[in-house]
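Reader: I'm new to this one. Can you walk me through it?
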Amino acid sequence: MLLDSRPLRYASATLLVAAICAGALVMNGRSGQAVSAAPAVLAPSFSGRHAGPEALLSRTLQEVGNRRLDAAVSEIDKVIQGYPNFRLAHLIKGDLLLARARPLTTVGNAAGAPRVRLEELRAEARARLARIQQELPVGLVPRYLVQMQPEQRHALVVDTARSTLYVFENRGGEARYVTDYYISIGKNGIDKFREGDNKTPLGIYHVTGRISRETLNSTYGKLAEQYGVGALPISYPNEWDRREGRNGFGIWLHGVPFDTYSRPPRASNGCVALTNEDFTAISRDIQIGLTPVIIANGVDWVAPGANQAMREELMQRVENWRRNWENRDTEQYLAHYAGNFSTGKMGLAQWSEQKHKVNAGKTWIRLNLDKVSIFVYPGRDDLAVVTFDQNYASNNLVSQMRKRQYWIRERGTWRILHEGTA
């Protein structure tokens, strides 16, 4: 090896960063827009992610950018020592050692290695470098989180385009960034439509359960290995998915096999996979039936106050709907529903007929709404999901339920497209 050929060593090593950068995207934290990462940027300003191997990996690449190859090898050794099954770290170390002898043309210069496996690791390298270079969204929120209800302690937002799951904390109804994690999605990408398409759905969901490692073992046997330490099922298909003709089942957040630290960006059958360490971390704060999971293809970031106008508009529309119902003003009440409204069982005509009949037997109604959450659907400006506790009392009926409505903006006015039990 040419151990004393320093120009060759450093030029070769910086080619490693350039090779990873090729095709990677860097997010502008203010606008949410993606720009191409220029390979010439060899020493990016790393914005320390959460502690762990990703922080050590960022220091490795920073040392490469600073032309300190021996220090880079030392940093990657720390990653391997702490996480011996982190396959990407082993690949990068091999490249760093190889850079002492000859120029590198790409990530993974080992001769004879399986091409498909190398491509997967290269994709992970690009995704992780893009994450390292992203600005932390401190002081920003996804535009989807318009209002969290008081009991929702956290919200999860998955950015499939950047292999990242963001965790937000509820502070008085407003979402505040806490941390984020690297994730893998479906082998065939996003926008799930049918069972078995190996795609990850896009939409607004909630965690519906918790599956322990023991339950996975007893239910799936050897297949349970792919889910790692556990799983959190989410509510796919939701009401909107079913309305759109989407089907399938078994979309989870889950861990990874124990023989690897992480998986490539596209590796699951449609689920969202995290390292076992990260899955354990987010599991502690999950509230079954309450924690929202919003999956988007690129997050639209806004300042916290940017959602205020939409929040007030939707809250006023919901209040008008409530008041019209309570006042037994059936025609005004029904005017809040879209022409293609559906409960899943009946359309607007049947719904109107039923409401006229029911309200005719009422002499008084008291209606109270509480714990209201509002989320805007990813990829759409005209679709919002509103969920609340409904306390209903009348002269002949008392009921309580958790209700979910889908509101769509029609010709500038919000109307109810779907209504049912949450």
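Predicted model: local features only at pLDDT ≥ 70, side-chain atom pairs only at ≥ 80, totals over all residues.

Reader: Which residues in H4 are buried?
Author: Leu88, Ala89, Leu91, Ile92, Asp95 and Leu96. Their arc around the axis is only 160 degrees, so they sit on the same side of H4.

Reader: Why would residues a few places apart point the same way?
Author: An α-helix has 3.6 residues a turn, so residues three or four places apart point the same way.

Reader: How many residues does H4 have, and how far does it reach?
Author: Helix H4 has 12 residues, 87–98. From first C-alpha to last it reaches 17 Å, close to the 16 Å expected at 1.5 Å a residue.

Reader: New topic. What is the strand order in the open sheet?
Author: S7-S6-S5-S15-S9, five strands with mixed pairing. On average, neighbouring strands here are turned by 25 degrees against each other, direction ignored.

Reader: How many bridges join S9 to S15, and do they run parallel or antiparallel?
Author: Four bridges, and the two strands run antiparallel. S15 covers residues 292–296.

Reader: What stands opposite Gly203?
Author: Ile295, in S15.

Reader: Zooming out, how many helices and strands are in the protein chain?
Author: There are 11 helices and 21 strands. Of the 422 residues, 55% are buried.

Notes: Residues numbered from 1 in each chain as written. Heavy atoms only, no water. Pairing = 2+ DSSP bridges. Axes fitted to C-alpha atoms, helices over the stretch in contact; angles between N-to-C directions. Expected span 1.5 Å × (residues − 1). Buried < 20%, exposed > 50% of the residue type's maximum accessible area, 1.4 Å probe, protein only. Arc of directions from axis to C-beta.
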